[in-house]
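The entries follow the order in which I went through them.

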Amino acid sequence: MTQNQISIPKNKLWLAAIKPPMYSVAIMPIWVGSAVAFAETKILNPTIFSIFIAAAILILAWENISNDVFDAETGIDKNKHHSLVNLTGNKQLMFWVGNLCLGSGLLGIIAIALLQQDPTVIGIILLCCGLGYMYQGPPFRLGYQGLGEIICFFAFGPLGMSAAYYSQTQTWSINNLAVSVIVGIVTSLVLFCSHFHQVKDDIAAGKRSPIVRLGTKTGAKVLVWFTASIYPFNLLCVGLGIFPVWTLLSWVSLPFAFKLCRHVLENHNQPDKVSNCKFIAVAVHFWSCLLLGVGFMLG
Ligand SMILES: C/C(=C\COP(=O)(O)OP(=O)(O)O)CCC[C@H](C)CCC[C@H](C)CCCC(C)C
Ligand SMILES: O=C(O)C1=CC(=O)c2ccccc2C1=O
């Protein structure tokens, strides 16, 4: 056991390993996609909505558990005391717990397909899971090439939200795709922020994350541009009549966006200080997506 592990209580390490706040990332595409469907059809199936939320949480749990399993194989997590594999010392067990989560999540998706008598949602979610596997699993490990944010954008944006919209309406919507650009960007921002404090470990393990590629200073500037982009895009869509005016409620997340950008611009090259920026990004994601959905519900 290292010095660091002795100083951090086990329960804190377990909380950091399970990362409860991160699960809002799974919930929001379903919430916003279903809200857009409600805005357009005035119908919301609460059973399908609830099953989809539970399934998305289970699928994201698989993604995170298997991330620790696959990262244990490359050695990139050797200093990550809150890795589930390091905490339990049992990689095989974690592999199967992850698969159990995936299986249970997919059962939920199958239940939705049976309720709809239509397999489309299964196809889209299998595609998302395939992308999730390619992000971290052998032989692909696309996250190690810096492609995680692109995968994240499509899985939680256009694909995840189309699946949510389709699960309510059994059809597609261009407006929903426009909204998915915002959800996709804010979700990718969370992943982008998670790399700032890990540059040293990532380089040592051969992972070329976007922050390793760009450097922390340019990375901080890129973060500001992408964070800032969602607000004028929202305004533009309201101006064009694509989004209801109530979706401007999403601008309430602006103070978190300012906090995130200021914090990263000031601390981008100080791992200890910047390490919490991922959770500020989760707050931006949570409030912007929650209120976007509320805006569609009211609109
Ligand atoms: C596990 C993820 C990020 C952590 O990556 P990293 O190795 O850098 O982290 P640590 O430093 O903590 O080890 C998440 C990655 C997300 C991935 C790009 C896309 C996942 C797709 C999901 C499976 C799709 C779920 C869709 C939902 C709507 C049902
Ligand atoms: O642990 C993490 O860093 C992340 C976990 C996770 O599930 C997720 C999902 C979507 C975007 C980013 C992230 C993470 O950064």
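This is a predicted model: local features need pLDDT of at least 70, side-chain atom pairs count only at pLDDT 80 or more; totals for chains, interfaces and linings use all residues.

Residues are numbered from 1 along each chain as its sequence is written, chains are lettered from A and ligands numbered from 1 in the order in which they are written, and side-chain values use heavy atoms, with hydrogens and water left out.

**Entry: ligand 2**

I looked up the surroundings of ligand 2 and found Lys19, Met22, Val25, Leu60, Asn64, Cys152, Phe156, Thr187, Val190, Leu191, Ser194 and Lys278. For polar contacts I took pairs of N or O atoms within 3.5 Å. An oxygen atom of ligand 2 is 2.6 Å from an N or O atom in the side chain of Lys19, a polar side-chain atom of Asn64 lies 2.8 Å from a ligand 2 oxygen, and for the side chain of Lys278 the corresponding distance to an oxygen atom of ligand 2 is 2.9 Å. On its own ligand 2 has 340 Å² of accessible area, of which the protein covers 87%; such areas come from the Shrake-Rupley method with a 1.4 Å probe.

I then asked which elements build this shell, taking helices as DSSP runs of H or I with at least four residues, numbered from the N terminus. Helix 4 (46-74), helix 8 (148-169) and helix 9 (174-193) each give two or more residues to the shell around ligand 2, and helix 9 gives the most, with 3 residues. By class the shell of ligand 2 divides into 7 nonpolar, 3 polar and 2 charged residues, where Asp, Glu, Lys and Arg count as charged, Ala, Val, Leu, Ile, Met, Phe, Trp, Tyr, Cys and Pro as nonpolar, and the others, Gly among them, as polar.

**Entry: ligand 1**

Around ligand 1 I found 22 residues, of which Asn67, Lys80, Tyr135, Gln198 and Lys207 come nearest. An oxygen atom of ligand 1 is 2.7 Å from an N or O atom in the side chain of Gln198; for the side chain of Tyr135 the distance to a ligand 1 oxygen is 2.8 Å, and for that of Asp71 it is 3.2 Å. The protein covers 94% of the 760 Å² of accessible area that ligand 1 has on its own.

Helix 4, helix 7 (120-136) and helix 8 each supply at least two residues of this shell, with helix 4 giving the most, 6 residues. I sorted the shell of ligand 1 by class and noted 9 nonpolar, 7 polar and 6 charged residues.

**Entry: annotated spans**

An unreviewed UniProt entry lists several residue ranges as "transmembrane region", among them 43-62 and 233-258; such annotations may be inferred rather than shown by experiment. I checked two of these spans in the model. Residues 43-62 are 85% helix and 0% strand, with end C-alpha atoms 31 Å apart, while residues 233-258 are 46% helix and 0% strand, with end C-alpha atoms 17 Å apart.

Note on methods. A residue is near a molecule or strand if one of its heavy atoms lies within 4 Å of it. A polar contact is a pair of N or O atoms within 3.5 Å; within protein, one must be able to donate a hydrogen and the other to accept it, and residues adjacent in sequence count only if both atoms are side-chain atoms.
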